[in-house]
Amino acid sequence: MVTLNVNGVRHQVQASDDTPLLYVLRNDLQLIGPQFGCGLAQCGACSVLAEGREVRSCVMPVSAFANQEITTLEGLPARWAKQKGLSPEAAKSALHPVQEAWIEQQTPHCGFCQNGMMIKATELLESNPNPTVAEIKEAFTTSGPSPHLCRCGTYKAILEAVQHAATIMTQRS
Ligand code: FES
Ligand code: FES
């Protein structure tokens with residue numbers, strides 16, 4: 001039995017300690033934003049935030065997260081609402097600015113990689129609200145445990161979406 005705090009909700013799940021966090025999120029908690037891509041910490045499709053830092057949930061054992069706050073793509077709106085102190089009513093209709101930007105810019109192609117792209121963008125903008133182009137490129141390619149891969153080649157669209165999300169967040173700060 002493992003106790004997890006995911007998107008602000010505590011869950012007790014029946015899983016062995018070495019079960020990858022991704023399997024628990026998708027199969028036990030029905031949180032299907034994180035995707036299984038490579039299973040090798042190479043692509044970023046499975047990314048989630050743990051204590052605000054991006055982690056590759058496909059290779060990390062669930063037991064490593066027993067006392068950590070995990071945020072999945074599904075939890076980004078509530079994360080933003082909490083950070084901004086929105087009322088419960090306002091929070092219900094709020095998307096995270098990163099998600100808004102992705103929709104407004106029509107960023108995804110097939111969409112498979114985009115969970116990880118939005119998680120990475122959130123991590124970046126929480127620590128650096130006004131990143132340069134170089135810093136955005138670095139965040140998605142060379143920082144962290146591995147790059148974020150997109151078979152559809154949406155990298156330029158992602159760069160523009162991160163810039164748009166930064167503008168939205170600044171306007172609402
Ligand atoms: S599925 Fe986890 S990094 Fe690719
Ligand atoms: S949008 Fe298709 S893999 Fe990135």
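Let's start with two helices. Helix H6, residues 133-141, packs on helix H7, residues 155-171, at an angle of about 120°, and their axes are 10 Å apart. That angle makes H6 oblique to H7. The crossing of H6 past H7 is right-handed. Who touches whom? From H6 we have Val133, Ile136, Lys137 and Phe140. They meet Ile158, Leu159 and Val162 of H7. Sorted by class, this contact of H6 with H7 has six nonpolar residues, one charged and no polar.

One caution before I go on. This is a predicted model. Please keep that in mind for every number I give.

Now the overall layout. The chain is divided into two domains. Domain 1 covers 2-73, and domain 2 covers 76-171. Their C-alpha centres lie 19 Å apart. How many residues of each domain are in contact with the other? Look at the domain 1 side.

Next, helix H4, residues 97-104. Which residues of H4 are buried? They are Pro97, Val98, Gln99, Ala101 and Trp102. And what covers them? The cover includes helix H2 (76-84), H5 and H7.

Take H7 first. Two packed helices are described by the angle between their axes and the distance between the axes. For H4 and H7, the axes come within 8 Å and cross at roughly 130°. Those two helices are therefore oblique to each other. Their crossing is right-handed. On the H4 side, the contact is made by Pro97, Val98, Glu100, Ala101, Trp102 and Glu104. On the H7 side, the residues are Ala161, His164, Ala165, Ile168 and Met169. Count by class, and the contact of H4 with H7 has eight nonpolar, one polar and two charged residues.

Now H5, which spans residues 114-127. The axes of H4 and H5 come within 9 Å and cross at roughly 130°. H4 and H5 are therefore oblique to each other. Here too, the crossing is right-handed. Val98, Gln99 and Trp102 make the contact from H4. H5 answers with Gln114, Met118, Ala121, Thr122 and Leu125. The class count for H4 with H5 is five nonpolar, three polar and no charged residues.

Let me stay with one residue from that list. Leu125 sits in helix H5. Is Leu125 buried or exposed? It has 23 C-beta neighbours inside 10 Å, so Leu125 counts as buried. The cut-off for buried is 20 or more. Which residues does Leu125 contact, leaving aside its neighbours within four places in sequence? Those are Val98, Ala165, Ala166 and Met169. Pick Ala165 from that set. Leu125 and Ala165 are 40 residues apart in sequence. In space, they are 8.3 Å apart, C-alpha to C-alpha.

Last topic: backbone angles. Most residues other than glycine have a negative phi. I have two residues with a positive value to show you.

Where is Gln106? It lies in the loop between H4 and H5. Gln106 follows H4, and its phi is positive, near 50°. Gln106 has 9 other C-beta atoms within 10 Å, so Gln106 is exposed.

Ala41 lies in the loop between helix H1 (21-28) and strand E3 (47-50). With 17 C-beta neighbours inside 10 Å, Ala41 counts as partly exposed.

Find H4, with H2, H5 and H7 among what covers its buried residues. Find Leu125, in contact with Val98, Ala165, Ala166 and Met169. Thank you.

Methods
Residues are numbered from 1 along each chain as its sequence is written. Chains are lettered from A and ligands numbered from 1 in the order in which they are written. This is a predicted model: local features need pLDDT of at least 70, side-chain atom pairs count only at pLDDT 80 or more; totals for chains, interfaces and linings use all residues. Axes are lines fitted to C-alpha atoms, for helices over the stretch in contact, and angles run from 0 to 180 degrees between N-to-C directions. Helices (H or I, at least four residues) and strands (E, at least two) are DSSP runs, numbered from the N terminus. Angles under 35 degrees count as roughly parallel, over 145 as roughly antiparallel, 65 to 115 as roughly perpendicular and the rest as oblique. A crossing is left-handed if the near helix is turned anticlockwise from the far one by less than a right angle, and right-handed if clockwise. Two residues are in contact if their C-beta atoms, placed from the backbone, lie within 7 Å. Ala, Val, Leu, Ile, Met, Phe, Trp, Tyr, Cys and Pro count as nonpolar, Asp, Glu, Lys and Arg as charged, and the others, Gly among them, as polar. A residue is buried if 20 or more other C-beta atoms lie within 10 Å of its own, exposed if 12 or fewer, and partly exposed in between; C-beta atoms are placed from the backbone. Domain bounds come from an automatic or database domain assignment.
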